[in-house]
Amino acid sequence: MRRGRKILAWVLGILILLIVAIVLFIAFFDWNRLKPTINEKVSEAIGRPFAINGDLSAHWSREPGEGGLVGLVPWPHFTARDITVANPDWAKSKQFATLATLDFRLSPFPLIAHRIVVPEIRLGQPQIALERVKNGDSTWTFKLPESTGPSEWQLELNAIAFDKGHIDFSDAMNQIVMGIDVTPLGKGIPFDEIMAQQEKDSRAQANKITGASAKAMSRSDADEKDRQDETKKKQVYYFAWDAKGTYKKSTVAAKARTGGVLALRDANRPFPVQADARFGDTRIAFVGTLTDPLNMGALDVRLWFSGTSMSHLYDLTGITLPDTPPFATEGHLKANLKKGASVYTYENFTGRVGGSDLGGSLVFDTGGQRPSLTGKLKSNQLLFSDLAPLIGGGSDEEKAQRGDSVKQPADKVLPVEPFKTDRWNAMDADVQFTGVKIVHGERLPIDNLSTHLVLKDSVLVLDPLKFGVAGGTVGSNIRLDGSKTPMRGGFNLGARHLKLKELFPTFAPMQTSFGEMNGDASLTATGNSPAALLGSSNGEVKLLINDGAISSSLLELAGLNVGSYAVNRLFGDEVVKINCMAADLVSTNGVMESRLFAFDTEKALINVTGDIDFRDEKINLDIVPHTKGFRLFSLRSPLYVHGTFKDPAPGVHAGPLILRGGGAVALAVFAAPVAALAALVVPESGKADATQCKPLLDDLRKNPPKAPPAGKAPSGGKASPAGKARG
């Protein structure tokens, strides 16, 4: 018994002496003597020069909050000063990282079980320089030695703390140069507060950009779903990030907040993220979580976009979008992030584009031969003027605001800004769009719009592109081949049952009319802008109107000042009944001439000859009246419209070329070529009275409009001499 007590006493004594020796060793040993060994071993481990340039020291202190024997035993605290980790020789910055101080403490008892437990490591004034060059080499990739097997020791690091740090980031592959300050928040901020503040800021930005109110931007069910997400509600933000620099050609300023640094290591634990960034004139903000952040696993955030034009998102996202008026959107973004195969879903978003609302869901898939964008979009109230930027339209001020580099010439009407076809091969797309109600002035009563857009292999197809107009429909399909230089286009259009009384709702004489407008057009063209396409167009246009009325005041209402001038010269300002109007036009290399362009009114036949040159935007038309029989009423000399689209010049021909009493002859000449309009004969609907056009429609039974292949003129070329002689 006594022998056992003696052995126990010796063991305890030796243990106490060992502890005392260790304490004295740590307390009085000159740790700087170990710096060369530590520097050498760490340098070998990371494949880079590592150095503790300043003092290395240690001291003892009890661990607060610990009780029992653990609370009585002091823990060792180590401090290293002026630490550097070098960069590879090719890097611009000599040092990869520098630390003013590094402090950490060890729990002594786990060392017995080969466990290194570090409750907290504190970094003083960390500075990091991250750089990647064009060949893909990066300073954050370390050449670590090959492992010879699992280590007997396990490291457990529970917390990392630091005062304000700085990161310089340069990525030549993605054209990013950024300076980032990282600051502890001091006190964690819960998700609810972060979400509420970001929502307030983003909706204020939306109001500033588009005039959209917070109510217009919100979708209550989606908002509530984000706010009540239990996973997100548990998140707390501990660090603030402030970044400034450039991305490609855009300046960048961003503020962000994230969770604790060590939360990054848990692949199954959502990591809280928030950011509000400005890329040039585009603003992007989000609040939510990132799962498995070190491997970019999954993203689940509330996302806000705003800016002067959606096309500016291309450099940032790689998504090909059109020029638009100022916009702002808000929605839920979910992303499954995989290298080369990420899928982003922007679901149930709402927003404003100019004065129009916009909503829907989109999916962007980066897998496959090229990325693809699919989805459905809807606008309940679409301003027709908001569509102008799609074809390079809008005022010079609006074009300058969205950064268009090509200015519209002062003497040109047709947009000359080229389509960005170089972006069309960056992705494919399959998107459906519906405009439930189109808001426009009385001059163009378009009711609704729908289209199916498909972009594949740089070929853009809108099929169909349908408008509801004046109780009828205007249906078309458009094909633009951006893989060709210059671009090749094909356009087919059909207008059916456009009610004249709805086309001109404020013109009283038209309200008793059952007349309709019907038309077809088929054109091919080459060119990279609307002006170039029209200036090279080949094909045919056919139009037929029956049972209408006209006066100069009607055309003034429609904004057709030249037409108003002509009608006033022919009839004064009285209302004149139109039995039929027919047009059969052929376009050859951008010059549109009339096989037939004539009005049959109750008082006269009006024949229009000449051409409209879309290449040079010039007009050369003659308007020749023929009275019906002998009347006291007499028409004056033929009229003309010359000049340009921008500045047309109507006038009266000098010679009195009137064919008094020549109505019968004119009618015969007028009716002869109308056979080509057979496809547009007004259907017998029980409402429209087709008999008004009967003298012109008896032979209308064949020959729909045709267009040759893009770049080729129609067979037969220009209008025949007989067509010119009809005047």
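Biologist: Okay, what am I looking at? How many helices and strands does the protein chain have?
Modeller: The protein chain has 16 helices and 35 strands. Keep in mind that the model is predicted.

Biologist: And how much of the chain is buried?
Modeller: Buried residues make up 44% of its 727 residues. Also, take the contacts between residues at least 6 apart in sequence: 57% of them join residues at least 24 apart.

Biologist: What is the mean pLDDT of the chain?
Modeller: The mean is 79, and 75% of the residues reach 70 or more. Over residues 630-634, though, the pLDDT is below 50, and that stretch has 9 contacts in the model beyond near neighbours in sequence. Residues 657-692 are also below 50, with 91 such contacts.

Biologist: Let's pick a helix. How far apart are the end C-alpha atoms of H2?
Modeller: They are 16 Å apart.

Biologist: Which residues of H2 are buried?
Modeller: Those are Lys-35, Asn-39, Ser-43 and Ile-46. Looking down the axis of H2, they fall within an arc of 80°, so they line one face of the helix.

Biologist: Why would residues with that kind of spacing point the same way?
Modeller: An α-helix has 3.6 residues a turn, so residues three or four places apart point the same way.

Biologist: Nice. What covers the buried residues of H2?
Modeller: The cover includes three strands: E1 (50-52), E2 (56-61) and E3 (75-86).

Biologist: Zoom in on Asn-39. What does its side chain reach?
Modeller: The side chain of Asn-39 reaches the backbone nitrogen of Ile-52 at 2.9 Å. Leaving aside neighbours within four places in sequence, Asn-39 is in contact with Phe-50, Ala-51 and Ile-52. Asn-39 has a relative accessible area of 15%, so it counts as buried.

Biologist: And what happens just after H2?
Modeller: Gly-47 takes a positive phi of about 70° there.

Biologist: Switching to strands. How do E10 and E11 pair?
Modeller: E10 (residues 165-171) and E11 (residues 176-190) pair in the antiparallel sense over 7 bridges.

Biologist: What about E32, how many of its residues are buried?
Modeller: In E32 (residues 604-613), 9 of the 10 residues are buried, so the strand is largely enclosed by the rest of the structure.

Biologist: Which strands does E32 pair with?
Modeller: Strand E31 (residues 591-601) pairs with E32 in the antiparallel sense over 6 bridges, and Met-592 stands opposite Ile-612 in E32. The hairpin of E31 and E32 has 2 residues between the strands. On to E33 (residues 618-627): 10 bridges join E32 to this strand, and the two run antiparallel. Here the bridge partner of Asp-611 is Asn-620 in E33.

Biologist: What's in the turn between E32 and E33?
Modeller: That hairpin has 4 residues between the strands, and Glu-617 in the turn has a positive phi of about 55°.

Biologist: Now a charged residue. Is Lys-542 buried or exposed?
Modeller: Lys-542 is at 3% relative accessibility, so it counts as buried. You'll find Lys-542 in strand E29 (residues 538-550). Its side chain makes a polar contact with the side chain of Asp-584, at 3.0 Å.

Biologist: Last one: where are there cis peptide bonds?
Modeller: One runs from Asp-463 to Pro-464, with omega near 0°, and Pro-464 sits in strand E25 (residues 459-469). Another runs from Thr-485 to Pro-486, also with omega near 0°. Pro-486 lies in the loop between E26 (472-481) and E27 (488-499).

Technical notes:
Residues numbered from 1 in each chain as written. Heavy atoms only, no water. Expected span 1.5 Å × (residues − 1). Buried < 20%, exposed > 50% of the residue type's maximum accessible area, 1.4 Å probe, protein only. Arc of directions from axis to C-beta. Contact = heavy atoms within 4.5 Å. Polar contact = N/O pair within 3.5 Å; in protein donor to acceptor, adjacent residues only side chain to side chain. Pairing = 2+ DSSP bridges. pLDDT = per-residue confidence, 0-100.
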